[in-house]
Amino acid sequence: MLKALIKKQFLELNTFYFQNKKTGKMRSKAGIAGTIILFLMLFGMLGIVFGGLGIMLAGSLSALNFDWLYFCMMGLIAILLGTFGSVFNTYAGLYHAKDNDLLLSMPIPPSKILFARMTGVYGISLLYTALVWVPAIIAYFFEAAPTPLCIIFSILQLFIITLFVTVLTCALGWVVALISSKLKNKSFVTVLASLTFIGLYYFVYFRINEFLQSLVKNADLVGEKVKSFFYPFYLMGLSATGKVLPMVIVTAIVAALFALTYYILSRSFIKITTTKTAEKKAEYQSRQVKSNSIGKALFKKELARFTKSSTYMLNCGIGLIIMVAFSVFAVIKASAVREFISEFSVDMPELSALMPIFAVAIICMMISTNQISAPSISLEGKNIWILQSLPIDTKEILNAKLNLHTVLNAPVAALTAVALGYVLEADFSTIIYMVVAVIAYSLLTASIGLSLNLKSPNLDWTNETVPVKQSASVAIGLFGGWAISLIIGAVAFILRNKFDLSYYILACALVMVLAARFLNKWINTKGVEIFKSL
């Protein structure tokens, strides 16, 4: 029975390669091969990254007789990646699996179901851990002189570290399940977690060389700190170098932690998987109901659709965060930015006059990443008939989608223009022109995105990732917007000696407003007919 459960668990983990989760259909042989090759390439690239990191550290630390510190550092990275990579899979596969009720209804001991689930968690953790640890030991074998025991123990350490990662992910998965059950809107938490991860990634990326140099220079101090405050990890590093006693101790500690985790979960597995989150019952309160206008009600509906989908927010609204971060950074580093521009403009003084236009082009490029209107028709999916059947003018429906895009983009873009105008020390009229231009561009991108989606809607999707990330309207809107931004800057550079470029910004704004008006007219005529026929 246990063997069958484990086999089923691993078949579930591998179904992605053989089945298209978006359509539910089996992949063709070419599709299976392509998917496997794609993932092998991805894993290979990550392996190269961590292998390069290992090569930079292994030789230097080995020469200083700090081989254990090398394995300790790479082990910690493997634990972090393994835990982060598998914790959400643990939440879905262990605590929130769709077939938990079915299996528990069968004459199968819950402890066996739990063990099979945990082997699945172990398999996913092994994959992520190996992405760091395997390149790390290969790099060490090339850069240092490993003993036979070092080779054997460092390979075995992969499976021990993975077991520890499994313990962590089971514990953190339970925390994720607990938090998720208490949240009303999980989308904002998902977005916040994703943005935090992206921020940490770029922070580490830009500081990695400084960190590595500091680590090598202060290996003695770092080593003492690890021994004092992280002694188990010190033992982990020693065991990977071929030391027998540390290997025995580390193995025993990790095995005991796993056994304890399994025991605790087995005692409460049924309660964890069958308990439904208690929801507050609505209490009737007599009060006057405020009615909204049709336009306001439709706008609220579009806003709720946006804020309740982490996929929609992350992929079509990330530019809002970028603009805010860019503005704050530019204002804080205003003196450094001005100094850089002055140095950059030494050989071509006319570039200083072009900076406000370049700033507008940069803001327009950031706005282009916010393709909020581009998938808005497709996201209605098979429920589009509900809107079509309402006694509402179709223009109101389409205008609500345009308004959401504009309301979210225009104010943030305007504040970014003011911030950059301040940094560039532009005069008041130029800043006003910049604000007008970016608002006009927000109107234009809203119209372009909705027009494209009306011409090429996709209402047959089974996963909202398809219209948000894989639709032609989003791709054309994004890259087309970047092209428009580059054209704005390029034409300004060509005409830099022809006339006052402040008026050029205003002229660009006028052209964009006229283009947006033309597209809006098409949306309210031909677009309405297209929407009715979908």
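## What you're looking at

This is a predicted model, where local features need pLDDT of at least 70, side-chain atom pairs count only at pLDDT 80 or more, and totals for chains, interfaces and linings use all residues. Residues are numbered from 1 along each chain as its sequence is written, and side-chain values use heavy atoms, with hydrogens and water left out.

## H15 against H21

Start with helix H15 (residues 351–368) and helix H21 (residues 501–533), whose axes are 9 Å apart and at an angle of about 20°. That makes H15 roughly parallel to H21 (angles under 35 degrees get that label, and those over 145 count as roughly antiparallel). Helices here are DSSP runs (H or I) of at least four residues, and their axes are lines fitted to C-alpha atoms over the stretch in contact, with angles running from 0 to 180 degrees between N-to-C directions.

Who touches whom? Ala353, Leu354, Pro356, Ile357 and Val360 in H15 meet Leu501, Tyr504 and Ile505 in H21 (contact means heavy atoms within 4.5 Å). The contact has 8 nonpolar residues, no polar and no charged ones. For this count, Ala, Val, Leu, Ile, Met, Phe, Trp, Tyr, Cys and Pro are nonpolar, Asp, Glu, Lys and Arg are charged, and the others, Gly among them, are polar.

Next up, H17 and helix H18 (residues 428–455) pack at about 150°, with axes 8 Å apart. That makes H17 roughly antiparallel to H18. The residues of this contact split into 18 nonpolar, 7 polar and 1 charged.

Thr416 sits in helix H17 (residues 394–423). Its relative accessibility is 1%, so Thr416 counts as buried (buried is under 20% relative accessible area, exposed over 50%, partly exposed in between, using a 1.4 Å probe and protein chains only). Leaving out residues up to four places away in sequence, Thr416 touches Met323, Ser327, Ile363 and Met366.

## A salt-bridge network

How many salt bridges does the structure hold? There are 4, each being a side-chain nitrogen of Lys or Arg within 4 Å of a carboxyl oxygen of Asp or Glu. Glu380 and Lys301 pair up at 2.4 Å, N to O. Glu380 lies in the loop between H15 and helix H16 (384–389) and Lys301 in helix H11 (residues 294–307), so this pair ties together parts 79 residues apart in sequence. Glu380 is buried at 12%, while Lys301 is partly exposed at 30%.

Lys401 has two partners: Glu302 at 2.8 Å, N to O, and Glu380 at 2.8 Å, N to O. Put together, Lys301, Glu302, Glu380 and Lys401 are linked in a network of salt bridges.

Terms used: Helix = DSSP H or I, 4+ residues; strand = E, 2+ residues; numbered from the N terminus. Parallel < 35°, antiparallel > 145°, perpendicular 65-115°, else oblique.
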